[in-house]
Amino acid sequence: MSSPISPAIPPSDMAASMRAAGDTVAVVAAVARLLYSNGLTTERLIETVERLGRAFDLQVSVLPAWGEIVLRIEGGALPGGPVVETVAAAPTGVEMNKVTRTLNIVDAVAAGRMDAAQALVSLEAVGQVAPVSLLRAVAMNGAGAAALAIIFGASDPATLLLTAFSACAGGALRRGLAHIAANMLTQPLCAALLAGFVAALTSRLLPDADPYLIALCPCMILVPGPHLLNGALDLARLRIALGVARFSFAGLIILVICTGLIAGLALGRESLPSPGPVVAVPLLFDVLAAGVAVAAYGTFFSMPWRTLGIPIAIGMLAHASRWLALADGASVAGGAFIACFLVGVIVTPIANRLHLPFAAVAFASVVSLLPGAFLFRLATGLVKLMNAGETADPALLVPLVVDATTAAAILLAMAFGLILPKMMLERLFPVWSGAAPAGRR
């Protein structure tokens, strides 16, 4: 008696199944790479990739590290069994338009409006999206630096114009270097060097202008705030290795900025000037300048025009709350915490609903609160101490300690102010905030 023979799978069907499985894995890998390398928080990245896997009837495990993401993909949709895919990607960029478009594609796949092949074509197009135009980037670079100068007390036209000119030139230089230099540290180094040289020339040729703000504000534009914030979020969620890596990257950029600034000033045979007397900025000027600064940072992060008004409004509200807190006697760190806590409460649901990177929107809203002035003064003071050698006056240590502790206090206040409401809202209201239910974490 002959045994029954199982029907063979036609070769054409097997090829089609393998091709579909390959497209599915490619889509998951492309989504992970685009989101990770363009500023999305690690927690939201993992949740999104897992949701995309479920849309394909797959279970995806995500293990992000600096320079790569390891994906383990398994499920009935893969005829060859589980797949381990290593995606080369580093979280060094912040481009909101790419994150928004990628998340929209994930939504379309999850809703059944797009299959894997269509999603793969769309994701390839997202990867080719160009940054904002050179004219917009340069113009907003200058406007943002001038706005920061107003927030820090500048009022004379010479200081504002020279600050804007230096920042515009630095923005054009950075865009040009992006096409010829692969090293990401080259851009902030050269832009900071240019800012220092312009400030040194200003102190010699235009004594009525404020060289301190002309040096400071174009360099503040370069501070990698989203990387600091994403690193703090990773540390708060006990992703120690990735958080330390993000902080190391951001710290290296800040070190390069300080080096460029000091070198630029040295080329003009100057050191960082002492800050002038603290000037009380009227509330209206502070709030309006904050709106311009937020618009500038939204441009740096490639935020579409149609959504730029949201962080502008949030940033203006945050600065108003800080101004009122300082007027009521709060410390600088206390005012920063109040403003950042307000931003964290507002930005968390909005960023998740509108598919925007939390770190980029939150940082753009509070950029002028960063203690860049204290960090740059600290770097200059350390150079002076080194040059003085063993004969250095011990009194030189006092301003260094003050600047270091003040900068640390402000950074901690900002980090806690932004992170606490985000984590609490995503834990208490996972559906409203767009986060995953607590049971899946």
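Trainee: Where is Ser-302 found?
Mentor: Ser-302 sits in the loop between helix 11 and helix 12 (305–327). Helices (H or I, at least four residues) and strands (E, at least two) are DSSP runs, numbered from the N terminus. This is a predicted model: local features need pLDDT of at least 70, side-chain atom pairs count only at pLDDT 80 or more, and totals for chains, interfaces and linings use all residues. Residues are numbered from 1 along each chain as its sequence is written, and side-chain values use heavy atoms, without hydrogens and water.

Trainee: Why is Ser-302 called buried?
Mentor: Its relative accessibility is 4%. Buried means under 20% relative accessible area, exposed over 50%, and partly exposed in between (1.4 Å probe, protein chains only). So Ser-302 counts as buried.

Trainee: What stands out about phi of Ser-302?
Mentor: Phi is near 60°, a positive value, and the residue is not glycine. Most residues other than glycine have a negative phi.

Trainee: Which phi value does Arg-269 have?
Mentor: Arg-269 has a positive phi of about 55°, although it is not a glycine. Arg-269 lies in the loop between helix 10 (240–267) and helix 11 (283–300).

Trainee: What makes Arg-269 exposed?
Mentor: Its relative accessible area is 73%, so Arg-269 passes the exposed mark.

Trainee: How do you know that Arg-113 counts as exposed?
Mentor: Arg-113 reaches 58% relative accessibility, so it counts as exposed. Arg-113 lies in the loop between helix 3 (96–110) and helix 4 (116–127). Leaving out residues up to four places away in sequence, Arg-113 touches Asp-107, Ala-108 and Gln-118. Contact means heavy atoms within 4.5 Å.

Trainee: Why does Ala-215 count as buried?
Mentor: Its relative accessibility is 0%, so Ala-215 falls under the buried cut-off. Ala-215 belongs to helix 8 (residues 211–220). Setting aside neighbours within four places in sequence, Ala-215 contacts Ala-195, Ala-199, Leu-261 and Leu-272.

Trainee: How many residues separate Ala-215 and Leu-58 along the chain?
Mentor: They are 157 residues apart along the chain, and their C-alpha atoms are separated by 53 Å.

Trainee: Which residues make up the nonpolar patch on the surface?
Mentor: Among them are Phe-337, Val-345, Leu-412 and Phe-429, and the patch has about 890 Å² of accessible area together. Such area comes from the Shrake-Rupley method with a 1.4 Å probe, and for residues only the protein chains shown count as cover. Helix 16 (397–428) and helix 13 (332–353) each give at least two residues to the patch. Helix 16 gives the most, with five.

Trainee: What makes strand 1 and strand 3 edge strands?
Mentor: Three strands form an open sheet in the order 1-2-3, with antiparallel pairing. Strand 1 (59–65) and strand 3 (83–88) each have a single partner strand, so one side of each is left without a neighbour in the sheet. The twist averages 15° from one strand to the next.

Trainee: How do you know that strand 2 and strand 3 pair?
Mentor: Two strands pair if DSSP finds at least two bridges between them. Strand 2 (residues 68–74) and strand 3 have six bridges, so they pair, in the antiparallel sense. Val-83 in strand 3 is the bridge partner of Ile-73.

Notes: Patches are made of residues with over 30% relative accessible area and no salt bridge: like charges are joined within 9 Å, nonpolar side chains (Val, Leu, Ile, Met, Phe, Trp, Tyr) within 5 Å. A salt bridge is a side-chain nitrogen of Lys or Arg within 4 Å of a carboxyl oxygen of Asp or Glu. Axes are lines fitted to C-alpha atoms, for helices over the stretch in contact, and angles run from 0 to 180 degrees between N-to-C directions.
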